[in-house]
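This briefing covers ring pairs, charges over rings and helix packing. The sequence and structure come first, followed by the points by topic.

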Amino acid sequence: MKACLNVCLGAALSALSASMGACGSVSQQSALAQQPVAGTLDVAALRTRMSADGELKQAARAWDAKIRLDVGSSSYDLTFVNGVVTGLVPGGNGTQYDVKLSGPTEYWVGRHVGIAYFYRNQQVKVEGDRLTQTFPYQAAIVRLVGLVSESLGGNALVAAIPDVDRKMDAAVGRYVYVRIRGTQYRVYFEESGKGSIPLILQHTAGADSREWRHVLEDPEIQKNYRIIAYDMPYHGKSSPPVGIQWWTEEYRLTTELLMDTIVAVSKAIGLERPVYMGCSIGGYLAADLAYYHPDDFRTVVGLNAAIAGSSVLARQRGAAPQTSGPDPNAHPRVSTGAIGTSMYNVTSPAAPEPYRRETGWIYSQGGPAIFAGDLFYFVTDHDLTGGKAEKIDTSRVGVYLLSGEYDPTGQPGPGSGQALA
C-alpha cells in the first residue's frame, strides 16, 4: 500500500500537537532524559511539599493508603489518611502496602516518563488493587511521581499559553439528524472554513470534537477546507437516542458501527467525498474506510493508525488472553476522572501543560462505560490483517499515516504505523 508515514500536515499538525498533547522532538525528549539525578530524597522537604501541594490535596481526597516508594535502591513508606499525608519515612522493609511505586532513580526524574499503565518504556511501575486504589486515585499517583521527580531535581515543563487575538472563534455549531442502522440520532457538529474541500474530523475514544478546536481555528486550513468536527452518538453534545432504550444495553463500538456512523454523518451534512482525518480509534478507522469505503472518501489521514487491535495481534502470535479482572474503565466504582488522568498521562510532556490538562478534562466528561465501549473497536474488533490492508487501492483513495513518538503505533512491531504502511 502506497502510504506516507510522518507526513507534515503543516499548520494542521502544529495545531493538533497543541490541542491533543502530541509529542515533542527527539532532541526535546533527550534533554528531558538528561535531567540531573540528585540521589536520595530529602524526606522532610518532600513531606512538606506534599502537604502543601494543592493538586495532590484535590486528587487524594478521601484516600486511605499505605504506599511504598522504591526510588532506585532507596525505599520509603508513605501514609495517607482521609487524603492527608500522615507519614513519610525511609523504610520499605515490610511487605504491607496498598500501592507500590517503583523504578530506577532516572525513571522518576523529569516527569517525562509518567506511570506505567500504557505503552512507553522507562516508566515508574504501579502495583495495587486497580478498583480500590490505583485507578480511582490515579491522579494522586501521577502527582506523587511528579513531586518525587521535582524533589530529585527534575523539572515539570509548563509553558504559558498566550491569550487569543480574536473576540469569537470562527467555528459554528449545530445539530443534524442522522439515521444509523434504523435509529435516529441528533448529532452535534462544528464547522469552519471557506474552502471547497470538505474535511471531516473524527475524535478519539471516549472524547469528543473539542479535541479539534485548534484545527477548526487554523486560518491556513480554513482557506482550502470546509472543516467539520462532530461528536459521535453518546459522546460530547450528541446525546443518546430517544427512540430506543439504550440504558438497557451495553454500549459497544464495532468496526461496522463506527464506519456506518461516519458515512451516515458525512452524507447527512451533505459532504461529497470528504477528506477524512482521525486520531486513535479515528486513526484506525482511516485504514478501515480506505478498505471498505474507498469511494466515499477522497483521502484518509490516520493519526496513530495500526493494522489491527492489540488483542487481535496478541491472538495471532499465540499469546494467552489477559485475565486481570474487571475492566476499571467500565467499573461503577471508578469515575471517568480516572480515565481523564490516564489520557493526560500518555500525552507528551513537551506539549503545553494547560493543553495536556484540557485533554484529560475532555476525557473525564465521557458517559459511563463509553470509553471502555469504544476500546472494543480499538483493541478487539479492528482487523485488517489476512491480506486486507494490502488490497487497499490508493488510486481510488489517498492514504496518509502519521505516528508521533508518544503513540504506541510509533514503536516498532506488528502494531506499528510502519507495519500498516
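**Helix packing and aromatic contacts**

Helices α10 and α11 are roughly perpendicular to each other, because their packing angle is about 80° and angles of 65 to 115 degrees count as roughly perpendicular. The model is predicted. Two packed helices are described by the angle between their axes and the distance between the axes.

**α10 against α11**

- Helix α10 spans residues 255-269, and its axis lies 10 Å from that of α11.
- On the α10 side, the contact is made by Thr 255, Leu 258, Met 259 and Ile 262.
- On the α11 side, Ile 281, Leu 285, Asp 288, Leu 289 and Tyr 292 take part in the contact with α10.

**α11 against α15**

- The axes of α11 and α15 come within 10 Å and cross at roughly 45°.
- α11 and α15 are therefore oblique to each other.
- The crossing in which α11 passes α15 is left-handed.
- From α11, the residues that meet α15 are Ile 281, Tyr 284, Leu 285 and Asp 288.
- Their partners in α15 are Asp 374, Tyr 377 and Phe 378.

**Aromatic pairs**

- Searching the whole structure gives 11 aromatic pairs.
- One of them joins Trp 246 and Trp 247, with 5.6 Å from centre to centre and 85° between the planes, an edge-to-face arrangement.
- Trp 246 is partly exposed at a relative accessible area of 34%, while Trp 247, at 57% relative accessibility, counts as exposed.
- The ring centres of Tyr 284 and Phe 378 are 4.4 Å apart and the planes are at 20°, so this pair is stacked; the cut-off for stacking is under 30 degrees.
- Tyr 284 and Phe 378 are both buried.
- A cluster linked by ring pairs holds Tyr 185, Tyr 234, Trp 246, Trp 247 and Tyr 251.

**Charges over rings**

- Arg 186 places its charged end over the ring of Tyr 175, at 3.5 Å from the ring centre.
- For Arg 252, the charged end sits over the ring of Phe 376, and the distance to the ring centre is 4.2 Å.

Methods: Residues numbered from 1 in each chain as written. Predicted model: local features only at pLDDT ≥ 70, side-chain atom pairs only at ≥ 80, totals over all residues. Heavy atoms only, no water. Phe/Tyr/Trp six-rings, centres within 6.5 Å; stacked < 30°, edge-to-face > 60°. Buried < 20%, exposed > 50% of the residue type's maximum accessible area, 1.4 Å probe, protein only. Lys NZ or Arg CZ within 6 Å of the ring centre and 35° of its normal. Axes fitted to C-alpha atoms, helices over the stretch in contact; angles between N-to-C directions. Helix = DSSP H or I, 4+ residues; strand = E, 2+ residues; numbered from the N terminus. Parallel < 35°, antiparallel > 145°, perpendicular 65-115°, else oblique. Left-handed = near helix turned anticlockwise from the far one by under 90°. Contact = heavy atoms within 4.5 Å.
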